[in-house]
Amino acid sequence: MPAATDPRTSRARSWWGWGYADAHADDAECVALGALLPGTLARPLPIPRIADLPMGRPVATPPPSLAHLVTADPRARAAHAMGKAYRDVIRALRGRPGRIPDLVAHPAGDQDVADLLDWAGEHGVAVIPFGGGSSVAGGVEYRGDTHHAVLSLDLTGMDRVLEIDPTSRSARIQAGALGPVLEDQLRPHGLTLRHFPQSFEFSTLGGWLATRAGGHYATVHTHIDDFVQSLRVITPAGANTSWRLPASGAGPSPDRFFLGSEGTLGVITEAWMRLQERPRHKASASVTFADFHQALDAVRAIAQSDLAPANCRLLDPGEALLSGASHDGSTVLVLGFESATTPVGHRLTAAVDLARAHGGRGETPAADRDAPADAAVGAWRSAFLRMPYLRDGLARMGAVVETFETAATWEKIPRLIDAVRTEVGAAASKATGHPATINCRLTHVYPDGAAPYFTVALAGRPGSEVEIWDDIKAAATDVLHRHHATITHHHAVGRDHRPGYDLQRPEPFALALRAAKNALDPHHILNPGVLLD
């Protein structure tokens with residue numbers, strides 16, 4: 001069985017919080033973080049222990065032919081009980097993890113997946129497909145009581161690059177490959193998938209595909225969808241394998257049908273993915289603004305040019321301060337370019353000049369050479385990777401921390417951001433009696449719109465953190481819906497975003513989705529409650 005450690009580093013994964021167990025904030029750092037939010041606890045909540053969890057004996061037993069694939073080990077069950085949203089972390093800290101799976105399965109191939117689904121369908125066992133477990137939308141847990149047992153289907157044992165086609169520059173990859181494992185196998189060939197979400201170390205190709213994950217790159221190929229050549233999906237009704245094609249106009253896409261299906265229609269087991277040469281030329285710079293809305297205009301101008309930056313992150317003053325990119329109340333624009341074939345200095349120079357034309361302050365880099373990252377860019381990169389660990393440290397201090405992202409067209413963006421700051425901030429403060437800090441950054445930009453990402457942080461009420469989080473989530477969902485902004489740009493629907501997704505999708509499409517669910521999963525065992533009741 002795959003161990004709860006990174007095979008590349010031998011570092012233990014945290015079963016209750018983000019990432020590696022040895023990277024979490026210690027008690028002193030937690031106290032220092034809590035001091036930033038008035039009203040938090042005097043001392044951090046203790047690290048939860050698996051022995052203290054309300055974990056009963058498994059109520060299902062697989063047949064002997066499948067027993068070698070399945071474990072009831074308490075640590076494995078605990079690590080597969082939830083994702084990594086704040087809501088999950090605080091439940092673990094409070095000893096209320098919800099329904100813990102009875103069993104965890106580690107299939108080695110497609111036939112194992114099919115056999116496990118057959119057994120689960122015959123015995124009414126809910127099956128939760130599981131990759132790296134980094135879901136922040138309630139996508140990998142069971143909520144409800146309609147199934148007598150729960151099986152977490154961990155795909156990380158299926159993690160190989162099976163085949164590389166250098167002529168078409170693509171590869172057939174098993175869905176359980178974690179980001180670093182995947183890239184390690186492509187690197188000797190000089191190739192990369194070039195998809196780097198914040199969860200890169202702790203999420204899988206299958207998870208990216210099932211959730212239509214967004215990567216680190218801010219323009220052009222922003223989502224995993226753009227790299228898909230074909231998919232293989234095992235459903236209770238049979239295997240679905242699409243043709244490898246560069247493009248097709250033959251009816252609704254059999255790939256897009258399963259992209260974003262979040263394990264509720266079938267289990268993605270492998271995919272042919274489009275690859276790229278590894279970049280050799282990189283250049284980055286930062287530009288500061290005194291006015292956030294002026295900075296929005298600058299970002300829109302860059303997005304509507306043909307420059308296509310790899311990174312185009314706009315940090316409001318709070319986000320810039322938190323990341324260390326600025327300490328004077330400025331808004332900071334982080335720009336980056338890269339290429340496998342040609343220097344990119346001239347593109348960075350043009351982007352900085354556009355930003356300066358809209359009120360930005362910054363030195364114009366030399367156009368004839370690549371530019372190394374400046375101090376603000378470096379600070380942002382470090383903070384970007386550290387931020388989930390700091391969130392967990394704040395959770396140990398009883399703080400409530402909610403992050404949510406969306407996307408809307410440019411004409412809505414300024415009003416949307418202002419409404420979130422005002423209305424969600426008021427709802428959060430009303431729920432707790434404490435002032436709320438709300439920061440915003442743009443993570444992805446398009447010619448016709450942008451994806452704002454919000455962080456809400458404030459002191460909670462001991463023992464009521466989940467209820468407060470629910471109130472904040474409901475307020476955010478209401479604001480997004482009224483402004484016709486999507487309930488999620490790249491975090492997926494899961495169970496936490498279901499109310500907003502139900503409001504967003506047209507009813508005829510919902511009817512078709514329900515019909516597909518009934519046809520492909522007649523026993524309704526696959527990830528119940530995700531996307532559909």
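A: Axes are lines fitted to C-alpha atoms, for helices over the stretch in contact, and angles run from 0 to 180 degrees between N-to-C directions. The structure discussed here is a predicted model.

Q: By what are two packed helices described?
A: Two packed helices are described by the angle between their axes and by the distance between those axes. In this model, helix α11 (residues 413–432) and helix α12 (residues 465–482) have axes that come within 9 Å and cross at roughly 155°. Angles over 145 degrees count as roughly antiparallel, so α11 is roughly antiparallel to α12. Their crossing is right-handed.

Q: Which residues of α11 and α12 make the contact?
A: From α11 come L416, A419, V420, E423, V424, A427, A428, A431 and T432. From α12 come I468, D471, I472, A475, A476, V479, L480 and R482. By class, the contact of α11 with α12 holds 13 nonpolar residues, one polar residue and three charged residues.

Q: Where does H483 lie, and is H483 buried or exposed?
A: H483 is found in the loop between α12 and α13 (498–504). A residue under 20% relative accessible area is buried; H483 has a relative accessibility of 16% and therefore counts as buried. Apart from neighbours within four places in sequence, H483 is in contact with K412, R415, L416 and A419.

Q: At what angle do α3 and α10 pack?
A: Helix α3 (residues 86–93) and helix α10 (residues 375–396) pack at about 45°, and their axes are 10 Å apart. The two helices are therefore oblique to each other. The crossing of α3 and α10 is right-handed. Y86, V89, I90 and L93 of α3 meet R391, D392, A395 and R396 of α10. The contact of α3 with α10 has five nonpolar and three charged residues, with no polar ones.

Terms used. Residues are numbered from 1 along each chain as its sequence is written. This is a predicted model: local features need pLDDT of at least 70, side-chain atom pairs count only at pLDDT 80 or more; totals for chains, interfaces and linings use all residues. Side-chain values use heavy atoms; hydrogens and water are left out. Helices (H or I, at least four residues) and strands (E, at least two) are DSSP runs, numbered from the N terminus. Angles under 35 degrees count as roughly parallel, over 145 as roughly antiparallel, 65 to 115 as roughly perpendicular and the rest as oblique. A crossing is left-handed if the near helix is turned anticlockwise from the far one by less than a right angle, and right-handed if clockwise. Contact means heavy atoms within 4.5 Å. Ala, Val, Leu, Ile, Met, Phe, Trp, Tyr, Cys and Pro count as nonpolar, Asp, Glu, Lys and Arg as charged, and the others, Gly among them, as polar. Buried means under 20% relative accessible area, exposed over 50%, partly exposed in between (1.4 Å probe, protein chains only).
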